[in-house]
Amino acid sequence: MSIIADYLLHALFWGVIFNFPLLFIIIKLKLLTVPGGIITGATIAIMMYMISPFLWCALLLFFLSSSMISKQTSPQKQLVTAEFSKDSTRDAIQVLSNSLPALTFGILFLVVDFFPKVEKNGNFSFFSLSALMFAAFATIATHNSDTWMTEIGINTNSIPRLITNLKKEVSKGTSGGVTIKGTCAGLLGSMVISFVYLVYVILNSNLEVMRIFSQWVLLILVGTVGGLTDSLEGATIQGLYYCDHCMKVTERSTHRCGNSTKFLKGYRFVTNDLVNTSSAFISGILAIIGYISIEILL
Ligand SMILES: [Zn+2]
């Protein structure tokens with residue numbers, strides 16, 4: 001059997017073993033919809049493990065921490081949830097849009113970097129560094145940054161301002177609304193994911209301290225910029241609708257009340273999920289550019 005097939009079989013075996021108990025926790029806590037969210041989530045989790053156990057850890061950390069934060073309810077949050085029809089149980093499309101960018105960069109990493117190294121060396125090490133792996137981490141840092149920014153932003157008392165016009169105050173939960181506290185939370189969210197990358201790089205151990213530190217800081221920043229890109233897209237191109245019945249702005253073409261809404265601004269095809277996915281791809285590309293710049297400069 002070829003060494004690559006051998007690797008994939010081993011990774012698949014351990015991926016299934018490690019993810020199996022998690023499924024029960026996720027079903028018990030109602031973090032994913034049944035069966036769509038669960039089936040999609042399990043498939044993605046096993047694939048992510050096969051790409052790298054560290055990337056899998058990062059995705060898990062994002063998923064569990066953001067689900068926990070989303071489940072927290074405060075009086076302010078309940079109001080916004082009712083107004084904007086946000087639901088904290090993720091469906092298949094949300095799971096996919098939250099992991100497609102990481103999967104894309106991760107699979108590219110396997111094909112372009114990892115498999116050629118495995119074939120050349122005749123064995124595999126989990127610590128194969130490359131700009132593509134770095135980009136995969138950046139996309140997860142972006143999702144986490146965005147979620148923490150939004151969820152913690154909603155829970156504070158500060159009034160959000162529009163990212164494209166900071167003088168303009170908007171109501172809570174408005175796409176494109178930002179607060180200082182929310183942005184700090186986004187930075188923290190990106191930092192949490194970047195810690196997993198830091199461990200991954202330190203265990204790799206043949207990099208000098210300066211390079212490790214630069215990559216780590218870059219990842220935190222790129223993740224936060226990704227989170228802010230999400231807000232920027234929300235303020236500019238995301239499709240927004242208006243419900244005459246409730247007199248509320250919403251992201252949905254059919255409001256929770258059952259009324260079909262009037263198109264207000266943006267592009268109809270730019271949904272919240274597309275905004276999440278595209279901002280993560282943008283941060284992944286920025287991460288690659290930054291990673292290569294560090295390689296050249298240091
Ligand atoms: Zn309505």
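This is a predicted model: local features need pLDDT of at least 70, side-chain atom pairs count only at pLDDT 80 or more; totals for chains, interfaces and linings use all residues.
I started with the helix pair: Leu-8, Ala-11, Leu-12, Trp-14, Gly-15, Val-16, Phe-18, Asn-19, Leu-23, Ile-26 and Ile-27 of H1 meet Ile-38, Gly-41, Ala-42, Ala-45, Ile-46, Tyr-49 and Met-50 of H2. Contact here is C-beta atoms, placed from the backbone, within 7 Å, and helices are DSSP runs (H or I, at least four residues) numbered from the N terminus. I sorted the residues of that contact into 15 nonpolar, 3 polar and no charged; Ala, Val, Leu, Ile, Met, Phe, Trp, Tyr, Cys and Pro count as nonpolar, Asp, Glu, Lys and Arg as charged, and the others, Gly among them, as polar.

Numbering runs from 1 along each chain as its sequence is written.

Next, geometry. I get about 140° between H1 (residues 3-28) and H2 (residues 36-51), axes 8 Å apart. Axes are lines fitted to C-alpha atoms over the stretch in contact, and angles run from 0 to 180 degrees between N-to-C directions. The pair is therefore oblique, meaning not under 35 degrees (roughly parallel), over 145 (roughly antiparallel) or 65 to 115 (roughly perpendicular).

Then Leu-108, in H5 (residues 92-121). Leu-132 is 24 residues from Leu-108 in sequence, yet 6.9 Å away C-alpha to C-alpha.

Last, Leu-55: beyond its neighbours within four places in sequence, Leu-55 contacts Met-48, Ala-102, Gly-106, Ala-136 and Phe-137.

Methods:
Helices (H or I, at least four residues) and strands (E, at least two) are DSSP runs, numbered from the N terminus. Two residues are in contact if their C-beta atoms, placed from the backbone, lie within 7 Å.
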